[in-house]
Amino acid sequence: MAARLEAAEPGPKYRGLDRLAGQQISAVERRGKFLVLPLLRQGRHLEDLIIHLGMTGVLSAAPPERPQHLRVSLDLSPGGAPVILGEAQPDGDRLYFSDIRRFGRFLLTPAGDYRELPTLQ
């Protein structure tokens, strides 16, 4: 996954996305209301990307119909464009997160360390 933080909304809702560069998503797991994406860097599982969709969050491979609700766009192709918050991209293997009410969040944590998310333990 090519990733670099370009711009962010204020606050901790999308914390750690600047560290996604060069990592691969090895799986997508559901734990309650959370999505847990174990990440590999050079074949080693060092971090997890935790996603909470909130009440209205949607992950999609297609850009949202209402671009004003786009919060995160992740480029999943090797050597692709950076992570861009709030901007749709025309091409590439992208994962889009749109959220009308802005309750969703992304958190990059050390692998298996969910202390900040007690409901995940």
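In which sense do strand 2 (residues 24-25) and strand 4 pair, and over how many bridges? The two strands pair in the antiparallel sense, over two bridges, where two strands are said to pair if DSSP finds at least two bridges between them. The model is a predicted one, in which local features need pLDDT of at least 70 and side-chain atom pairs count only at pLDDT 80 or more, while totals for chains, interfaces and linings use all residues. Residues are numbered from 1 along each chain as its sequence is written, and side-chain values use heavy atoms, with hydrogens and water left out.

**Overall make-up**

The chain has nine strands and zero helices, so that its elements, read from the N terminus on, run β-β-β-β-β-β-β-β-β; here helices (H or I, at least four residues) and strands (E, at least two) are DSSP runs, numbered from the N terminus. Of the 121 residues in the chain, 40% are buried, a term that stands for under 20% relative accessible area, with exposed meaning over 50% and partly exposed in between (1.4 Å probe, protein chains only). The accessible surface of the chain comes to about 6900 Å², and 52% of this belongs to carbon and sulfur atoms; the areas come from the Shrake-Rupley method with a 1.4 Å probe, and for residues only the protein chains shown count as cover. Among contacts between residues at least 6 apart in sequence, 58% join residues at least 24 apart, a contact being heavy atoms within 4.5 Å.

Strand 4 (residues 34-41) is mostly covered, since six of its eight residues are buried.

| Strands | Sense | Bridges |
|---|---|---|
| Strand 2 and strand 4 | antiparallel | two bridges |
| Strand 3 (residues 29-31) and strand 4 | antiparallel | three bridges |
| Strand 4 and strand 5 (residues 44-52) | antiparallel | eight bridges |
| Strand 7 and strand 8 | antiparallel | five bridges |

Strand 3 and strand 4 form a hairpin with two residues between the strands, in which G32 takes a positive phi near 65°. The hairpin of strand 4 and strand 5 likewise has two residues between its strands, and Q42 in that turn has a positive phi of about 55°. In strand 2 lies I25, which is partly exposed with a relative accessible area of 32%; I25 and L37 are twelve residues apart in sequence and 6.1 Å apart in space, C-alpha to C-alpha.

**Nonpolar cores**

In soluble globular proteins, nonpolar side chains tend to be buried together. A nonpolar core is taken here as a set of buried Ala, Val, Leu, Ile, Met, Phe, Trp, Tyr and Cys residues joined through side-chain atoms within 4.5 Å. The largest such core has 14 residues, and those with the most contacts inside it are L17, L49, V72, L74 and F106. Two or more residues come from each of strand 4, strand 5, strand 7 (70-75), strand 8 (94-99) and strand 9 (105-110), with strand 4 giving the most, namely three residues. Leaving aside neighbours within four places in sequence, L49 is in contact with residues including L17, L35, L37, L74 and F106. A second, separate core of seven residues includes V36, I50, L107 and Y114.

**Aromatic pairs**

Rings of Phe, Tyr and Trp (its six-membered ring) pair if their centres lie within 6.5 Å, and planes under 30 degrees apart count as stacked, over 60 as edge-to-face and the rest as tilted. By this rule there are two aromatic pairs; one of them is formed by F97 and F106, edge-to-face, at 5.1 Å centre to centre and with 65° between the planes. F97 is buried, with a relative accessible area of 1%, and F106 is buried with a relative accessible area of 1%. Ring pairs link Y14, F97 and F106 into a cluster.

Three strands form an open sheet in the order 6-8-7, with antiparallel pairing. Strand 6 (57-60) and strand 7 stand at the edges, each with a single partner strand, so one side of each is left without a neighbour in the sheet.
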